[in-house]
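Dear colleague,

Please find below the structure that I am handing over to you. My findings follow directly after it.

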Amino acid sequence: MIETPQVIQTAAHLAAIIHLTIARSEVQTVMGPAISEVMAAVMAQGLEPAGPWFTHHLKMDPEKFDFQVCVPISTPVAAVGRVVCATMPGARVARTIHQGPYDGTDGLAAAWSEFGKWIATNGHVTGPDLYECYLTGPESGSGPEDWRTELSRPLIK
């Protein structure tokens, strides 16, 4: 379900973001419009994404998602509406790739569980946040079995 995890050092980088705090049940109706809004703000300023879009979940709560919808950029974007420019900090992270659907028994929840077990088994301790980078998803035209999502957890140990 997940590729062999690695521990790597990431570099700081710029992103155009929208910060959202929503009920967990709203994520499927909110995510698409939010990414469209961020992409539109980036493109309207003559910029191109510097990589695939991602989410930065600031803390984990079973009832609420407190997260940022992000598009990496190489040049700062001017704030417009809910979109602002942010610097995503570099960090030492555990990282893996999940290939498959977002939901169901072999979806992201199962991948995160497997990844969390690897992190604990290998003696690492994570911070409160996590990242999901959508390398290949529904917009690719491929089926859910081919979707690829990069999972990252900043480490404090």
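How many positive and negative side chains does the chain have, and how far apart do the centres of the two sets lie? In this predicted model, there are 10 positive and 16 negative side chains, and 10 Å lies between the centres of the two sets.

Overall architecture

The chain contains 2 helices and 8 strands. Read from the N terminus, the order of these elements is β-β-α-β-β-β-β-α-β-β. A compact globule of 157 residues would have a radius of gyration near 15 Å, and the chain, with 15 Å, therefore agrees with that expectation. The C-alpha trace spans about 45 × 35 × 30 Å along its principal axes.

Of the 157 residues, 43% count as buried. Among contacts with a separation of 6 or more, 75% come from residues 24 or more positions apart.

Strand pairing around β6

Strand β6 (residues 92-99) pairs with two strands that I would like to point out. With β1 (residues 6-9), the pairing is antiparallel and extends over 4 bridges; within it, Ile-8 stands opposite Val-93 of β6. With β8 (residues 148-154), β6 also pairs in the antiparallel sense, over 7 bridges. Here His-98 has Thr-149 in β8 as its bridge partner.

Two loop residues

His-124 is located in the loop between α2 (108-121) and β7 (130-136). Its relative accessibility is 17%, and because buried means under 20%, His-124 counts as buried. Beyond its neighbours within four places in sequence, His-124 is in contact with Val-7, Arg-92, Trp-118, Ile-119, Leu-155 and Lys-157.

Tyr-102 sits in the loop between β6 and α2. At 26% relative accessibility, Tyr-102 counts as partly exposed. Apart from neighbours within four places in sequence, its contacts are Gly-107, Leu-108, Ala-109, Tyr-134, Thr-136, Gly-137, Pro-138, Trp-147 and Thr-149. Thr-149 is also the bridge partner of His-98 described above. Tyr-102 and Val-80 are 22 residues apart in sequence, and their C-alpha atoms are 30 Å apart in space.

Yours sincerely

Note on methods:
Residues are numbered from 1 along each chain as its sequence is written. This is a predicted model: local features need pLDDT of at least 70, side-chain atom pairs count only at pLDDT 80 or more; totals for chains, interfaces and linings use all residues. Side-chain values use heavy atoms; hydrogens and water are left out. The radius of gyration is taken over C-alpha atoms; the globule rule is 2.2 Å times the number of residues to the power 0.38. Buried means under 20% relative accessible area, exposed over 50%, partly exposed in between (1.4 Å probe, protein chains only). Contact means heavy atoms within 4.5 Å. Lys and Arg count as positive and Asp and Glu as negative; His and the chain ends are not counted. The place of a charge is taken as NZ of Lys, CZ of Arg, CG of Asp or CD of Glu. Two strands pair if DSSP finds at least two bridges between them.
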